[in-house]
Amino acid sequence: METELLRRIDQLDQADPLAPFRERFVSDENGINYLDGNSLGRLSHDARAAILAAIDDEWANELIRGWEHWTELSSELGDVVGSALLGAGAGQVVISDSTSVNLYKTIRAALSLVPDRRVLLVDANDFPTDRYILEGVAAACNLELRLMATSMDEPVSVDDFAPYLDDDVALVVLSQVNYRSGALNDLARIAYLVHSVGAMLVADLSHSVGAVPITLDEDDVDFAVGCTYKYLNGGPGSPALLYARERLHSELTQPIWGWFSATDQFLMGPRYEPAPGVTQFLVGTPPVLQLAALKGALNVVCEAGIERLRTKSIAQTALALELFDDHLMARGFRLASPRESSLRGGHLTFEHPDALALSSSLFADHQVLVDYRVPNRIRFAPSPLYTSFAQVYDGIMALAAVAAR
Ligand SMILES: Cc1ncc(COP(=O)(O)O)c(C=O)c1O
């Protein structure tokens with residue numbers, strides 16, 4: 001039985017078209033089985049080479065002249081991410097600042113389009129920064145913040161919205177993939193619902209970009225933000241994506257009037273005049289070295305292609321689920337993610353009363369690195385670019401072994 005399973009896993013690895021991509025990543029010194037790529041992706045050789053080239057060739061030799069091309073990086077990479085991963089036509093995405101700051105900018109920009117509305121709506125189970133930024137905006141602008149009760153472990157449903165959505169609502173902020181459960185929300189359906197009451201949608205793509213195919217233009221999403229250090233492997237502090245729908249560009253106002261968002265930046269004019277298009281969302285000097293690393297990292301993601309990444313990701317979480325049923329369920333674990341593959345993103349979540357202690361032992365005894373989330377959740381996130389099927393098996397079996405002890 002077990003031999004049969006191991007043979008099947010070996011076949012999955014042999015037949016995996018993404019297997020060669022493992023070599024594109026720098027191995028760590030300890031041979032860690034890294035199942036935390038949804039928090040911080042691994043370092044790729046491309047990202048490393050790109051950041052070193054930006055230091056040694058560009059900073060060292062070009063000096064100030066580097067700005068002749070560095071100023072374009074945010075928009076250039078925005079278009080790469082937009083076309084390869086977000087289903088966004090050119091000129092709607094920039095890479096800048098953090099996801100938190102981009103949330104602030106897009107929320108205020110959305111509000112500028114519906115100035116008479118008084119309510120902000122967010123999933124009560126969404127990531128803290130999304131809720132906190134909204135709370136701050138609500139306090140500063142004297143608006144009402146509604147926290148929508150949801151199941152957390154399943155996608156947000158139309159019924160979840162019903163008690164909260166009315167024509168006082170200015171905007172909804174929602175993660176496409178919930179950070180705790182991995183539940184995948186249907187953006188097209190939610191955009192339709194939100195628009196039906198005349199409100200705007202700001203989607204947080206932090207846990208979906210690079211993990212699931214995204215179709216922002218087609219889904220009619222108004223604004224989106226998201227991290228690039230998770231499945232895109234841009235590195236710690238890699239700046240975030242920001243998408244703003246083209247048809248809104250000429251009407252909106254973004255709230256941080258920095259010189260990188262001004263038209264004719266180097267004319268140093270007396271008054272702020274926003275640049276046309278999505279570049280009006282830029283603020284100040286971008287982190288050039290981080291953008292260089294992201295550019296390298298994106299080569300790898302784009303070469304693999306989002307369809308192949310999603311196919312392998314589903315196969316890996318399906319294998320993990322099968323092993324969960326056979327080895328973890330009887331040991332006090334509860335699945336806190338959707339079972340149906342079309343309803344989940346790239347990670348699975350297992351609940352256990354001793355989740356914290358188990359995740360520590362998992363690393364100490366087996367070199368398996370997963371993510372613990374309060375109060376009792378373990379996030380299990382294989383990254384299809386560098387995790388093998390054998391590592392998925394090893395990770396679950398190690399968890400079963402520490403739980404058995
Ligand atoms: C869903 C989600 N949104 C936002 C953030 C915060 O991003 P940042 O700290 O880069 O602003 C995170 C970070 O993990 C996240 O998971």
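This is a predicted model: local features need pLDDT of at least 70, side-chain atom pairs count only at pLDDT 80 or more; totals for chains, interfaces and linings use all residues.
Colleague: Which strands stand at the edges of the open sheet of four strands?

Modeller: The strand order is β9-β10-β13-β12, with antiparallel pairing. A strand with a single partner has one side left without a neighbour in the sheet, so the strands to name are those at the edges: β9 (334–335) and β12 (371–373).

Colleague: Which residue in β13 does Y372 stand opposite?

Modeller: β12 pairs with β13 (residues 377–380) in the antiparallel sense, over three bridges. Across from Y372, the residue in β13 is I378.

Colleague: Which helix packs on the sheet by touching β12 and β13, and what angle does its direction make with that of β13?

Modeller: The helix touching β12 and β13 is α12, residues 355–366. The direction of α12 makes an angle with that of β13 of about 40 degrees.

Colleague: At what angle to β13 does helix α13 run?

Modeller: Helix α13 covers residues 389–404 and lies across β10 (348–351) and β13. Its angle to β13 is about 165 degrees.

Colleague: Is F281 buried or exposed?

Modeller: F281 is found in the loop between β8 (240–244) and α10 (288–304). Leaving aside neighbours within four places in sequence, its contacts include V94, F223, L242 and L252. Buried means under 20% relative accessible area. The value for F281 is 0%, so F281 is buried.

Colleague: How far apart in space are F281 and S261?

Modeller: In sequence, F281 and S261 are 20 residues apart. In space, C-alpha to C-alpha, the distance between F281 and S261 is 6.0 Å.

Colleague: Which helix gives the most to the lining of the largest pocket?

Modeller: The largest pocket has a volume of about 290 Å³ and is lined by 19 residues. Nearest its centre lie L184, N185, D186, L187 and S342. By class, the lining has ten nonpolar, five polar and four charged residues. The helix that gives the most, with four residues, is α8 (residues 187–196).

Colleague: How many charged residues are in the lining of the largest cavity?

Modeller: A search of the whole structure finds one cavity of 30 Å³ or more, and the largest cavity holds about 40 Å³ of space. Its lining is made up of D123, T150, M152, E154, P155, V156, N178, A183 and N185. Asp and Glu are among the residues that count as charged. Besides four nonpolar and three polar residues, the number of charged residues in this lining is two.

Methods: Residues are numbered from 1 along each chain as its sequence is written. Side-chain values use heavy atoms; hydrogens and water are left out. On a 1 Å grid over the protein atoms alone, a cavity is a set of points where a 1.4 Å probe fits but cannot get out, and a pocket is an open set with protein on both sides within 12 Å along at least five of seven lines; lining residues have an atom within 4 Å of a point. Grid points are joined across faces, edges and corners, and a volume is the space filled by probe spheres set on the points. Two strands pair if DSSP finds at least two bridges between them. Helices (H or I, at least four residues) and strands (E, at least two) are DSSP runs, numbered from the N terminus. Contact means heavy atoms within 4.5 Å. Axes are lines fitted to C-alpha atoms, for helices over the stretch in contact, and angles run from 0 to 180 degrees between N-to-C directions. Buried means under 20% relative accessible area, exposed over 50%, partly exposed in between (1.4 Å probe, protein chains only).
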